[in-house]
Amino acid sequence: MKYLVLIAYRPGGWEEASDAQRAEWMDDHNRFHATVGSNIVAGEALAGPDAATTLRHKDGQPTLTDGPFAETAEMIGGFYVLDAPDLDTVVEWCRILPKGYSLEIRPCISMDMSA
Amino acid sequence: MTTYVILLPGDEDAWAQTPAAEKQQGYAVHEQFANALAARGHAIVGGAELQHSRTARTLRQGVVSDGPYAEVAEQLTGFYLVQSDDLDDLVDCCRILAGVETTIEIRPTVDHSGTAESTDPSQKGPRS
């Protein structure tokens, strides 16, 4: 089963962190990679929400706006797609990631759109 | 080439109640979208449809709770990862999804291809 792990963070958190704090977060990611290994199907860091474009359709008419689809206290900063036997395994893996994140773990419907 | 994530937020309850035949029409539109991307030089490199957000678990400060990280009107229902050289044309292709996807967010990813761990989403940490 594939799971999407959404990495949500408080904007500004990275900028305000000390070098030591950043190094600790990097170590967390490295440990995550070492532990999860080839079960990481995909993962990307996203550019900031100001780089997003949102396309909405109202009554069939498209409207383009700058910015993310939802303005929330925590923004999506990146994600992983993980292959795991069950949700509990994913939760245990995610405990390795930096504590400052909010991590939403959601099962995918088994209909892979990738090539 | 930039890799873009295409986020598909929407009304999950409405989709859950959609009859199977109508869902098939929705999937057919996604197939048209995929075909158009391929024909116009964009490459789908990943993506998935997500299960309902009530099946999500959120890990915050080491504490696990049920449900999504944010209570918003439109929950994420799926996403694509697309490599493209032409954001404007990619946005144009997204218009094909009108009717089945009311809202589509297109966002560039941060390029880590020069690093050893190119699958790490936070090699340089999250940015705001």
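Trainee: What covers the buried residues of H3(A)?

Mentor: The cover includes strand E1 (2-9), helix H2 (19-36), strand E5 (75-83) and strand E6 (102-109) of chain A, together with E3 of chain B. Helices (DSSP runs of H or I, at least four residues) and strands (runs of E, at least two) are numbered from the N terminus. This is a predicted model, in which local features need pLDDT of at least 70 and side-chain atom pairs count only at pLDDT 80 or more, while totals for chains, interfaces and linings use all residues. Residues are numbered from 1 along each chain as its sequence is written, and chains are lettered from A and ligands numbered from 1 in the order in which they are written.

Trainee: Which residues of helix H3 (residues 87-94) of chain A are called buried, and why?

Mentor: They are Val90(A), Trp93(A) and Cys94(A).

Trainee: What does Leu82(A) touch?

Mentor: Not counting residues up to four places away in sequence, its partners include Val90(A) and Trp93(A), along with Tyr3(A), Val5(A) and Val36(A). Residues are in contact if their C-beta atoms, placed from the backbone, lie within 7 Å.

Trainee: How many residues of the two chains are in contact?

Mentor: On chain B there are 56, and they meet 60 residues of chain A. E6(B) gives the most to the side of chain B that touches chain A, with eight residues. By class, that side has 26 nonpolar, 19 polar and eleven charged residues. Asp, Glu, Lys and Arg count as charged; Ala, Val, Leu, Ile, Met, Phe, Trp, Tyr, Cys and Pro as nonpolar; the others, Gly among them, as polar.

Trainee: What makes strand E3 (residues 53-58) of chain A and E6(B) a pair?

Mentor: Two strands pair if DSSP finds at least two bridges between them. Here four bridges join the strands, so they pair. They run antiparallel, and the bridge partner of Thr53(A) in E6(B) is Ile106(B).

Trainee: How many helices and strands are there in chain B?

Mentor: Chain B has three helices and six strands, in the order β-α-α-β-β-β-β-α-β along the sequence. Of its 128 residues, 39% count as buried.

Conventions
Buried ≥ 20, exposed ≤ 12 C-beta atoms within 10 Å, placed from the backbone.
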